[in-house]
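Dear colleague,

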Amino acid sequence: MKFVATRLVQMVLVVVAVTFLAFGAMNFLGDPLFNILGPIASEDAGPEFAEIRAEARAEYYLDDPFVVRYGRWLGDIVQGDFGRSFKNETNVSTDLKNKLPITIFLMVYAQVIAVVISIPWALWSASKAYRAVDKASTVISFSMLGVPVFALAVLLFWIFAVKWQVFPTRYDDTDFFSKLNSMFLAALTLAVPLIATYQRLLRTDLISTLQEDFIAVARAKGLPQWWVLFRHALRPSMFSMLTVFGIQTGALIGGSLIVEQQFSIPGIGAAVVEAIIRDDFPVVLAIVVIVSVIFVVVNFLVDLLYSFLDPRVRLDG
Amino acid sequence: MFERRRLRQLLAVFFVFSLVASACGGGDGDSSSTDADPAGEESSDTDTTDAPVEEGVDETADGSDAITADDETVEVVEGGTIRMALQTEADALNPTNTPLNRAPILLATAIFDTLVVVGEDNEWHNNLTESWTPNEGFTSWEVKMRDGVVFSDGNVMDADAVIRTFEAFLADPLTSLVFRPAFDPEVPIEKIDDMTFQLNPKGPNAYLPFYFAEQLGMIGSPAWLDARDENPELDQMPIGAGPYMISERIQDQKTVLVRNPNYWGEPGLIETFEFFPVSQESARTDQFLSGDVELMHGTDAESILRLRDEGDSIIRIEDSSGEEFNLVMNAQVPPFDDIRVREAATAAFPKEQYLEFISEGTSLEADSLFSTDTLWNVPGLEQADDRPEVAEPLIAAYCADVPDQCTDGKVNIEYQTDGPSAALERIATVVQDGWEPFFNIEVQVIPNDIHIQDVIFGQYDVATWRYHGFSDPDVDTAFLSCETILALSINWARNCNEERDALMAEQRATTDYDARYAIWTEIQENFRDSFQYITITHTNWTVGASPSVGGLCDAVAPDGAEIPCQDKGVVRLPQLFLTN
């Protein structure tokens, strides 16, 4: 419990630090009033905009000290109020409520594909370590790592959606199956480098684990190879993979921005790009908060899983 | 309420004022397929050779409608869903405070309808109105509303409703920039009785009804407008009196329209329309050609060529009659404040190269505001481009007079375009090729929002731009007038010419086509000789439809006048149907 409490406090501190930096950047990189109003923020734009400037300063408390403004903003987001978009005054929370689940679904989908493929592949590869098939699989996995996501997205989209029309060319959320089907290529695009990464790490750890005495004992008992691999070797070999799994969450968010564009998936990817271009800070800050929360939560869960994978790892210690 | 959003929109979406301006007098069809050159693939045409020809509707024995298409009989499927990929998403769908570009205009037309519509005959026709009666000097128009029109929320559309919407337009700092100059500043509108109101233009205006054929003619439910004042999110869920109403809208994802049960006219044939914003031209075309949507529109050369390659397997309707692609030069600041530099830039512009490598035969060459197949085109009126020999002495003289603006005998300029966009960067390369001997060019590729903002505020030298080409030429006048050169200017080039202003006022007051044509000839010559724009092409708006979609060219006004199949990418929805 002590570990959990400590980590929770750390998570909160990380999120606060990230939001503080993001809020600061939004406020100090340029004139915040300009970011809200554009060129009419300048006195040079003319006296006819003076009232609008004054209203904006009041609405966004721009005359208050930075820390006060940050505190007010943080208080609002804790209550789920991310403010209104500069673009069209829509509620940012409502907008994200529509888009964020799509991106999270895509990320989870990609991770599921990656795990489902990489684990059996790594087990098989480790069991054939240093043989020709293992070497071939190494070449394949490095090739998968070497293909940029944007190129892979274009390739998969063109072949399977446009040319062969096996998958739809647009996002379809009519039902769960339609959603799975329409997002498969996007998820696979994101999953490909993950598959290779997980496979490489897990294979290496498995090869090491398979040298352990308890594996020799299991084999001496006459247990079948698949049982030895799954039941005895896999769990203690997953530390590296699990660590990377957590870290890759951040990379997945970045990758999803590109993939969503290619596959016309209406997640937060396009929203992030547009918000940054438009200096739509309520949206940018909301996404920063959400992404940082997702990141720390996933990594927290990974930490918890360590003790599950190996009871010798005592979190409270 | 704090008007920040409108100002953000101003900075962000001003580019679409060309399209907003359609509401200023525009109309769907002045420049429509009526004027098409059926022989020219690049012209504004309804490509009926690629489409099932719809010649009549008959009642069949079982009560279903049958469309005769050549020798085939196609059975109409009642109801159903049509999906369409749109070029852009709207920030909001409230016409009173949001400049709507073509994709949102398509949605808004179905949701609101318009007071008048423009037919294939280039004339306006009553739609939500019953009559428009001008006084003798066209200084006021009495407008009577159609009886029995109600909004989808059940409220009655009457004079008060129109006045409520109209005042919302004029109160908005953004939309009023375009519309306010056309009306009397003191009493622009007044109620006569419950169903009649009077419009007072600023001066004699024989073409005022055209102003109400698009955005300005979209009337919102007063209850909705009142509620929206309290909750700006209702801008996403407008309530009008059109044939369809919004049932679902998730911005950037989809907008779903269903039939309006209170619609005053013939109900739409299709039960549901689903619209998806797909800003990437190639992705939109992929979705259409893969059968994931039944309708699309676009302007990109590559996509148009792909649609052409499909031949008879799809329906394709092209319209190059509106929207000119230009380079706009800022006449208010050096170096383009000097007409010699503007003339030199025009002369050195490599239009032939542009047409060959950029347009690839998909769009018409432009020399003026009006396409060759419109009523206002002046044959033989040519822009003096592709003549680098003319540029040389002009630049030499300018650099001798204003050496501060030159380096090594070339004028220093910033060429601004939005992006990143491969197409726009290709255009920049072509322009550089032509201008390089005379100009030191710094190319700025900046986000679209900033690009628009800079042009509005006059913070540019020369920029890529797209507008003009409206259904009635009077609509263009707001963008050429001295009056609209302000801190935020919709006279993009910031070029004031009082002689041209006088001509524009004169053409507005006459109903004689020949006299008006003569005036517009002078205006176009003035426009050309002031070298404020380098007009390049008439944008080709192409609509692609699956063969299962019927009725594209069946839209008619209440008086039976035919309405163009599409107008700059805007397709009317109620007459569309699916075949089996």
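A:Leu96 sits in helix 5 of chain A; helices here are DSSP runs of H or I with at least four residues, strands are runs of E with at least two, and both are numbered from the N terminus. The model is a predicted one, in which local features need pLDDT of at least 70 and side-chain atom pairs count only at pLDDT 80 or more, while totals for chains, interfaces and linings use all residues. Residues are numbered from 1 along each chain as its sequence is written, and chains are lettered from A and ligands numbered from 1 in the order in which they are written.

With 19 other C-beta atoms within 10 Å, A:Leu96 is partly exposed. On this scale a residue is buried with 20 or more other C-beta atoms within 10 Å of its own, exposed with 12 or fewer, and partly exposed in between, the C-beta atoms being placed from the backbone. Leaving aside neighbours within four places in sequence, A:Leu96 is in contact with A:Ile268, A:Ala286 and A:Ile290, contact being defined as C-beta atoms, placed from the backbone, within 7 Å. A:Leu194 is 98 residues from A:Leu96 in sequence, and their C-alpha atoms are 26 Å apart.

Elsewhere in chain A, helix 1 (residues 2-28) has 27 residues and reaches 38 Å from its first C-alpha to its last, close to the expected 39 Å; the expected span is 1.5 Å times one less than the number of residues. A:Gly30, with a positive phi near 95°, follows helix 1 of chain A.

Helix 6 (residues 132-146) and helix 8 (residues 176-209) of chain A pack at an angle of about 140°, and their axes are 8 Å apart. Axes are lines fitted to C-alpha atoms, for helices over the stretch in contact, and angles run from 0 to 180 degrees between N-to-C directions. Helix 6 and helix 8 of chain A are therefore oblique to each other; angles under 35 degrees count as roughly parallel, over 145 as roughly antiparallel, 65 to 115 as roughly perpendicular and the rest as oblique. From helix 6 of chain A, the residues A:Ser141, A:Met144 and A:Leu145 meet residues of helix 8 of chain A, including A:Val192, A:Ile195 and A:Gln199.

In chain B, helix 7 (residues 281-289) and helix 8 (residues 301-309) pack at about 20°, with axes 9 Å apart. These two helices of chain B are therefore roughly parallel to each other.

The contact between the chains takes 31 residues from chain A and 30 residues from chain B. Helix 3 of chain A gives the largest share of the chain A side, four residues. That side divides into 15 nonpolar, nine polar and seven charged residues, where Ala, Val, Leu, Ile, Met, Phe, Trp, Tyr, Cys and Pro count as nonpolar, Asp, Glu, Lys and Arg as charged, and the others, Gly among them, as polar.

Chain B has 15 helices and 25 strands, and 59% of its 580 residues are buried.

- The peptide bond from B:Pro334 to B:Pro335 is cis, with omega near 0°.
- B:Asp408, not a glycine, has a positive phi of about 55°; B:Asp408 counts as exposed, with 7 C-beta neighbours inside 10 Å.
- B:Arg494, also not a glycine, has a positive phi of about 55°; B:Arg494 counts as buried, with 21 C-beta neighbours inside 10 Å.

Yours sincerely

Conventions: Two residues are in contact if their C-beta atoms, placed from the backbone, lie within 7 Å.
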